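Please read the points below with the model open beside you.

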Amino acid sequence: MGGGNEPCRVATPDGLADALDTEARLLEKLVEVLVRQRDAIAASDVERIDECVHSAHRVLLTLSEAQRRRRALLGTLAGMEDVPLRSLDQVLGEAATEAVIAARDRLLAAAKAASREVAVNRDIVEAAMAAGEAQLRLLAGAARRRLAYDALANDVEGTGRGALINRHA
């Protein structure tokens, strides 16, 4: 008897390839949502932006479940759950079928595309927020306030001409 709602599945290379393909499809869906979000931002459509945020959240939750499934399959097939995708073929040995490698490559490509889209959207959102803040300052007649922080990240009054120091380097 299994402990969850899912029937017990035998871990096979085909099952792993299916799990990898599922993750790739979810990342492709996330890219679609991010593109729709970008269009909504450009159109200043708050309702569509909100819908896109909720859609992205649902896709990310489903993606998390798909990643758990992949880790469980890898735990059975490879003896460890956290296998870097790029070294899947070395770790799996004979279980690294052509289908598994092709699905892995699709997942890596989808992850790269999703990463690019997230970066573009982040830049667009930051620019839109800065433009909105500038517009509000202009309407309110307020001068731009430069933010400054001390070493403990406390807000302090300053000129904003300080240097950024990486104390961990």
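1. A residue is called buried under 20% relative accessible area, exposed over 50% and partly exposed in between, using a 1.4 Å probe and protein chains only. Gln37 has a relative accessibility of 15%, so Gln37 counts as buried. Gln37 lies in helix 1, where helices are DSSP runs (H or I, at least four residues) numbered from the N terminus. Setting aside residues up to four places away in sequence, Gln37 touches Cys52, Val53 and Asn121; contact means heavy atoms within 4.5 Å.

2. The model is predicted: local features need pLDDT of at least 70, side-chain atom pairs count only at pLDDT 80 or more, and totals for chains, interfaces and linings use all residues. Residues are numbered from 1 along each chain as its sequence is written, and side-chain values use heavy atoms, with hydrogens and water left out.

3. Asp14 and Ala96 are 82 residues apart in sequence, and their C-alpha atoms are 9.7 Å apart in space.

4. A nonpolar core is a set of buried Ala, Val, Leu, Ile, Met, Phe, Trp, Tyr and Cys residues joined through side-chain atoms within 4.5 Å. The largest one here has 32 residues, and those with the most contacts inside it are Leu16, Leu20, Leu27, Leu88, Leu92 and Val100. Two or more residues of this core come from each of helix 1 (13-42), helix 2 (46-78), helix 3 (88-92) and helix 4 (98-140). Helix 1 gives the largest share, 11 residues.

5. Leu20 shows some of these contacts in detail. Beyond its neighbours within four places in sequence, Leu20 is in contact with Arg70, Leu85, Leu88, Val100, Ala103, Arg104 and Leu107.

6. Two packed helices are described by the angle between their axes and the distance between the axes. Axes are lines fitted to C-alpha atoms, for helices over the stretch in contact, and angles run from 0 to 180 degrees between N-to-C directions. Helix 1 and helix 4 pack at about 20°, with axes 8 Å apart. Helix 1 is therefore roughly parallel to helix 4 (under 35 degrees counts as roughly parallel, over 145 as roughly antiparallel, 65 to 115 as roughly perpendicular and the rest as oblique).

7. How does helix 2 compare? Helix 1 and helix 2 pack at an angle of about 165°, with their axes 9 Å apart. Helix 1 is therefore roughly antiparallel to helix 2.
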